[in-house]
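The following exercises ask the reader to describe a protein fold from its computed geometry.

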Amino acid sequence: MKIYSTRHGQTDWNKLDVIQGATDIELNETGIAQADELAERVAALGDVGIIIASPMKRAYRTASAVAERTGLPIVTDERLREWDYGRYEKMPRYTENFPEDKVSFARRMGGTGESLLELVHRVYSALDDIISRYADKNVLIVSHGGVCRIIETYFHEMTTEQFLGWFMGNCQIIEYNTNGGRL
């Protein structure tokens, strides 16, 4: 089984390089174009059987572009929504303490958001269920930058420095081969 992971298309907050997590934002014009380009790339792959998406607007709109082009069904999963960054929402990406809080695994982001442990638990449980439920299909997961980082850790070990430096571009695709479980 293959899992293809992608991040939603660009939003205005991405363009401004501010933190967006639980805030439900639409794609901008660039993001819509990126989603359409992603749809063409997924169609060219020719082996995706289902799309599983975050229900947040930016991810669902990206998934919808792929579904419209390919005819694939979309299933939403709440566990794929973006990390809740608490008070960091809408702050510049390089806000003081933000990088440190990202790797403080038991501390809630921005005091009121989710801890890294909470995020990992929900994303890993989603991946375990996807692998179990759709083992006979290749899956496209459409989610968010923070979730994509956790998907990467599910398949590949990372140091703290690698975790902090890992980045997924808008509508970039990464392929993982599960062979029925983790690599």
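The model is predicted: local features need pLDDT of at least 70, side-chain atom pairs count only at pLDDT 80 or more, and totals for chains, interfaces and linings use all residues. Residues are numbered from 1 along each chain as its sequence is written, and side-chain values use heavy atoms, with hydrogens and water left out.

**Exercise 1. Determine the order of secondary structure elements and the overall dimensions of the protein chain.**

Step 1. Assign helices (H or I, at least four residues) and strands (E, at least two) as DSSP runs, numbered from the N terminus. The protein chain then has seven helices and five strands.

Step 2. Reading along the sequence gives the pattern β-α-α-β-α-β-α-α-β-α-α-β.

Step 3. The radius of gyration, taken over C-alpha atoms, is compared with the globule rule, 2.2 Å times the number of residues to the power 0.38. The protein chain has a value of 16 Å, close to the 16 Å that the rule gives for 183 residues, so it is as compact as a globular protein of that length.

Step 4. The C-alpha trace spans about 45 × 35 × 25 Å along its principal axes.

**Exercise 2. Identify the nonpolar cores and the elements that build the largest one.**

Step 1. Define buried as under 20% relative accessible area, exposed as over 50%, and partly exposed as in between (1.4 Å probe, protein chains only). Buried residues make up 52% of the 183 residues.

Step 2. The largest core has 33 residues, of which Ile3, Ile130, Val139, Ile141 and Ile151 touch the most other members.

Step 3. Strand E2 (50-53), helix H5 (116-133), strand E4 (139-143), helix H6 (145-155) and strand E5 (173-177) each give two or more residues to this core. H5 gives the most, with eight residues.

Step 4. A second, separate core of 15 residues includes Val66, Leu140, Val142 and Cys171.

**Exercise 3. Is Gln34 buried or exposed, and which residues does Gln34 touch?**

Step 1. Gln34 is located in helix H2 (residues 29-45).

Step 2. Gln34 counts as buried because its relative accessibility is 19%.

Step 3. Take contact to mean heavy atoms within 4.5 Å. Leaving aside residues up to four places away in sequence, Gln34 touches Gly9, Gln10, Asn170 and Cys171.

Notes:
Core = buried A, V, L, I, M, F, W, Y, C linked by side-chain atoms within 4.5 Å.
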